[in-house]
Amino acid sequence: MTKKILAVYPGNFDPPTNGHLDIISRASGLFAEVMVAVTNNVNKVHTFTLQEKIDLLQESANHFKNVKIVSFSGLLANYLETINSFVVIRGLRAISDFEYEFQMALMNRKLNKNIETIFLMPDQSYTFLSSSMVKEIAMLGGSTAAFVPKCVEEKLKKYIAILSKNV
Ligand code: ADP
């Protein structure tokens, strides 16, 4: 039986990278509809605002016709309930991601037994890529062109220009 599944790809996306886009592209090919659900993880310090992250994702993913960018706050399990979706997409880069992702998948299932988490592996060339690594490269004056969409590269440059003016 093939179902028309709405899948949700939640994350911090601070900022979105080509690794995130790779996962979005794979999910877009697999599911009828994909919602990229942007949040501000309470345990992390944020570089970009929720609205900035939404705008960057919208610009980078607008060629995927079945992908929508949304935001949520609070528990993912509660948010899924409100939109009546129970399929969560997460990216797995390496073994180091596994423990946290595994815990979170099982916790979400504990919170709502209908939730299934599906892990997608990015292209090998993105397995080393993270938002924090990209920010570090940008802060140290390196080029991020190979790692993020053009709009994110420009946003990072502006952010660093503002930071260096305030020093
Ligand atoms: P979170 O704080 O929710 O983990 P992130 O933006 O860091 O937010 O990651 C969101 C999801 O995207 C996670 O499942 C993460 O493993 C995945 N992800 C992040 N970077 C990559 C990448 N380079 N390739 C594949 N998946 C990635």
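Me: A pocket is an open set of 1 Å grid points with protein on both sides within 12 Å along at least five of seven lines. What volume does the largest pocket have?
Reply: This is a predicted model, and the volume of its largest pocket is about 1,200 Å³.

Me: How many residues line the largest pocket, and which lie nearest its centre?
Reply: The lining has 41 residues, and those nearest the centre are Gly11, Asn12, Lys44, Arg90 and Tyr100.

Me: Which element gives the most to that pocket's lining?
Reply: Helix α4 does, with 8 residues. At least two residues each come from β1, α1, β4, α4 and α5.

Me: And the lining of the largest pocket by class?
Reply: There are 17 nonpolar, 17 polar and 7 charged residues.

Me: Which residues line the largest cavity?
Reply: Its lining is made up of Leu76, Val88, Arg90, Glu101, Met104, Ala105, Asn108, Thr117 and Phe119. By class, that is 5 nonpolar, 2 polar and 2 charged residues.

Me: Which elements supply at least two residues of that lining?
Reply: Strand β4 (87–91), helix α4 (95–111) and strand β5 (116–120) each do. The top contributor to the largest cavity's lining is α4, with 4 residues. Helix α4 also gives the most to the lining of the largest pocket, and Arg90 is in the cavity lining as well as among the residues nearest the pocket's centre.

Me: Switching to charges. How many salt bridges are there?
Reply: The count is 8. One of them pairs Lys135 with Asp14, with 3.1 Å between the closest N and O atoms. That pair links distant parts of the chain, 121 residues apart: Lys135 sits in helix α5 (residues 131–139), and Asp14 in the loop between β1 (6–11) and α1 (18–30).

Me: Is Lys135 buried or exposed?
Reply: Lys135 counts as buried because its relative accessibility is 14%, and buried means under 20%. Asp14 is buried too, at 4%.

Me: What does Asp22 pair with?
Reply: Asp22 forms a salt bridge with Arg26, and their closest N and O atoms are 2.5 Å apart. Both are in helix α1, and because they are 4 residues apart there, about one helical turn separates them. Asp22 is buried at 12% relative accessible area, whereas Arg26 is partly exposed at 36%.

Me: What is the partner of Glu52?
Reply: Glu52 bridges to Lys155, with the closest N and O atoms 3.0 Å apart. Glu52 is in helix α2 (residues 50–61) and Lys155 in helix α6 (residues 150–166), so this pair ties together parts 103 residues apart in sequence. Glu52 has a relative accessible area of 24% and is partly exposed. Lys155 is likewise partly exposed, at 26%.

Me: Which residues do salt bridges with shared partners join into one network?
Reply: Lys150, Glu153 and Lys157 form one such network.

Me: Last one, Ser164. Where is it found?
Reply: Ser164 is in helix α6. With a relative accessible area of 48%, Ser164 is partly exposed.

Note on methods: Residues are numbered from 1 along each chain as its sequence is written. This is a predicted model: local features need pLDDT of at least 70, side-chain atom pairs count only at pLDDT 80 or more; totals for chains, interfaces and linings use all residues. Side-chain values use heavy atoms; hydrogens and water are left out. A salt bridge is a side-chain nitrogen of Lys or Arg within 4 Å of a carboxyl oxygen of Asp or Glu. Buried means under 20% relative accessible area, exposed over 50%, partly exposed in between (1.4 Å probe, protein chains only). On a 1 Å grid over the protein atoms alone, a cavity is a set of points where a 1.4 Å probe fits but cannot get out, and a pocket is an open set with protein on both sides within 12 Å along at least five of seven lines; lining residues have an atom within 4 Å of a point. Ala, Val, Leu, Ile, Met, Phe, Trp, Tyr, Cys and Pro count as nonpolar, Asp, Glu, Lys and Arg as charged, and the others, Gly among them, as polar. Grid points are joined across faces, edges and corners, and a volume is the space filled by probe spheres set on the points.
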